[in-house]
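Dear colleague,

I am passing on the structure below, together with notes on what a reading of its atoms turned up. Please look through it with the notes beside you.

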Amino acid sequence: MSDAESGKRLENAIGLLHRLEDGLLALVLGLMILLAPLQIFLRNFFDAGITWGDPLLRVLVLWVGMLGALAATRGRRQISIDALSHVVGERARSGFGAVTSLFTAVVCAVVAYHSARFVASEIEYQTSAFAGVPAWTCEIVIPVAFGLIALRYALYSMGDLRKVLAGRPVEER
Amino acid sequence: MASALLLLVLALVGAPLFAAIAGSALLGFHSEKVDLQVVAIEIYRLAEMPVLLAIPLFTFAGYVLGESGAPARLVRLTDALLGWLRGGLAIVSLVACALFTAFTGASGVTIVALGALLYPALQQAHYRERFTLGLITTSGSLGLLFAPALPLILYGVVAQQMDLEQPVRIDDIFAAGLLPGLLMVSMLSGYSIWQSRGTRISGGPFSWREVAAAVREGAWEIPLPIVVLGGIYSGAFALSEAAAVTALYVLVVEVAIRREIPLRKLPGIMRESMVLVGAIMIILGVSLASTNYLIDTEVPVRLFEAIRAHIDSKLTFLVLLNLFLLALGMMLDIFSALVIVVPVILPIAIGYGIHPVHLGIIFLANMQIGYITPPVGMNLFIASYRFERPVLEVYRATVPFFVILLASVLIITYWPALSLTLVSAP
């Protein structure tokens, strides 16, 4: 397989991952928008909601939050203090970008690792979240999201480093 | 200590805030020899707070409204009702922006959605260029003290995590924001009227026909603030219920009935709105861990004792608090400031006898000024970009508005009754 070919494949895989994330995010939010009013309707008019409805909604909040954070990472749109970028030159900005992104990648990798251990122990002890749903299926989003965020920041860090070395200005993404 | 300093420096040079906070929680728990799985367990608490459901639902509804024709209808209706006053269009801008921000959560959407309509209208009505620029830039964050604005909810969520003796109810925060919010709107309106003195700036005469037409045009959206605000303020709905109804209603009206938003644009709007929600939620999630560590190690208590040794009057403390929050507002956006700083200062403020609900209003009113404070106030940049004016010109244009808002913040800070009169059990 040539370099160009494998590059193409990687690009396709990344595109697929992005579409998967977007699709899942829309699905989770859509479910939330429908289920939340349905619960109110059932409670008020039939005096009975779906028993697993409320816990499911709360888990959906976690999922929307984690998937949203993942989406924010994709455009490097996490909330940060933007005090330097107006002051320093572009090359210095890439330098700071390389360091802070590396730091973010390491932190997220550590969180991902320990949340994966947490999920593993939940699988082992067969903890149930609600209505017989295994707890780990609700929690799995934490290690997956943090793992992907770590990966993305590692790539950003390498990209910034390359720009510092090449002396080229950082491009906005 | 050295590691805390390093984290602070990393945050200042642009590391995402959630990473800096997560880093501090990891280091803290590690030094206490606590298994780091605890961080995952803390983040999972995002799935254990029913009130959080309101955040994605209201944010999504706000983004949908912003993309639809609702802002134009809101401006037309407000204009029909208030446009005949002297300085009418300026007051229209203030009121419409405040209402819109209450629903969209002070995320910068207001300047983009409403500013684009009001800016040319104000210019056409011969308001001075600089006044117009300052007015719109300031209006972009006006209204975050009115329910159901996101920052009010978030303050309640953060305060509820702290096991206070005096529980902070979100309904109480909503009630407390009402009068201070009105104070800000009226002071800015007064300034607008004063600015239009001697000129002939006023809209056309009042016309019932135009009011009726504007009401007919906005018939689908008008029930929304009435039902949601009425429901929340009267206690008929829980917050998450109001959010659920709003999200579905807005979706049905703007997409299915009015068809102003084509179905194919919906996934993009969902994604955009959830980028904001995700960016806030991840900070909230890791902060649950770091706050837990803070409380375990009694940092706020020790900090309070240290401050107490130097400052013994409540008044001096409030002055310093105002200065601190203004500085904070220049650095941090309102959401991260809430999540990071409230857990530290709330116990201290309570120590000085400040009501936790009042502190919330002081905090948010100060942070609102942060939106228009140089060098990093978000609204300054959005306005500069949106209206193609140099940032320095936007700075200068907002100065008088800054002074007025500062005056209102001081009133809000030193007159607790303004915030607490409407609170059910102060």
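Helices here are DSSP runs of H or I with at least four residues, and strands are runs of E with at least two, each numbered from the N terminus. In those terms, T138(B) is found in helix α8 of chain B, which covers residues 129–139. T138(B) has a relative accessibility of 1% and therefore counts as buried, where buried stands for under 20% relative accessible area, exposed for over 50% and partly exposed for what lies in between (1.4 Å probe, protein chains only). With its neighbours within four places in sequence left aside, T138(B) is in contact with L188(B), I372(B), T398(B), F401(B) and L405(B), contact being heavy atoms within 4.5 Å.

Some conventions before going further. The model is predicted, and for that reason local features need pLDDT of at least 70 and side-chain atom pairs count only at pLDDT 80 or more, while totals for chains, interfaces and linings use all residues. Residues are numbered from 1 along each chain as its sequence is written, chains are lettered from A and ligands numbered from 1 in the order in which they are written, and side-chain values use heavy atoms, with hydrogens and water left out.

Turning to the interface, 58 residues of chain B and 54 residues of chain A take part in the contact. The two chains bury about 4,700 Å² between them, 80% of it on carbon and sulfur atoms; buried area is the accessible area (1.4 Å probe) that two parts lose on being put together, summed over both. Of the area that chain B buries against chain A, 13% is supplied by Q37(B), Y44(B) and R271(B), more than any other three residues give.

The rule finds 4 residue pairs in polar contact across this interface, both residues being at pLDDT 80 or more. A polar contact is a pair of N or O atoms within 3.5 Å; within protein, one must be able to donate a hydrogen and the other to accept it, and residues adjacent in sequence count only if both atoms are side-chain atoms. On the side of chain B that touches chain A, at least two residues come from each of α1 (2–12), α2 (17–31), α3 (37–44), α4 (54–67), α13 (239–257) and α14 (266–296) of chain B, and α14(B) gives the most, with 13 residues.

Salt bridges (a side-chain nitrogen of Lys or Arg within 4 Å of a carboxyl oxygen of Asp or Glu) number 4 between chain B and chain A. One salt bridge joins the side chains of D35(B) and R117(A), at 2.9 Å from N to O. A network of salt bridges links E21(A), D22(A), R74(A), R152(A) and R271(B).

Over all chains, the search of the whole structure finds 22 salt bridges. R76(A) forms a salt bridge with D160(A), the closest N and O atoms lying 2.6 Å apart. Because R76(A) lies in the loop between α2 (53–74) and α3 (90–124) of chain A and D160(A) in helix α5 (residues 141–166) of chain A, the pair ties together parts that are 84 residues apart in sequence. R76(A) is partly exposed at 27% relative accessibility, whereas D160(A) is buried at 1%.

In chain B, R76(B) forms a salt bridge with E210(B), the closest N and O atoms being 2.9 Å apart.

With best regards
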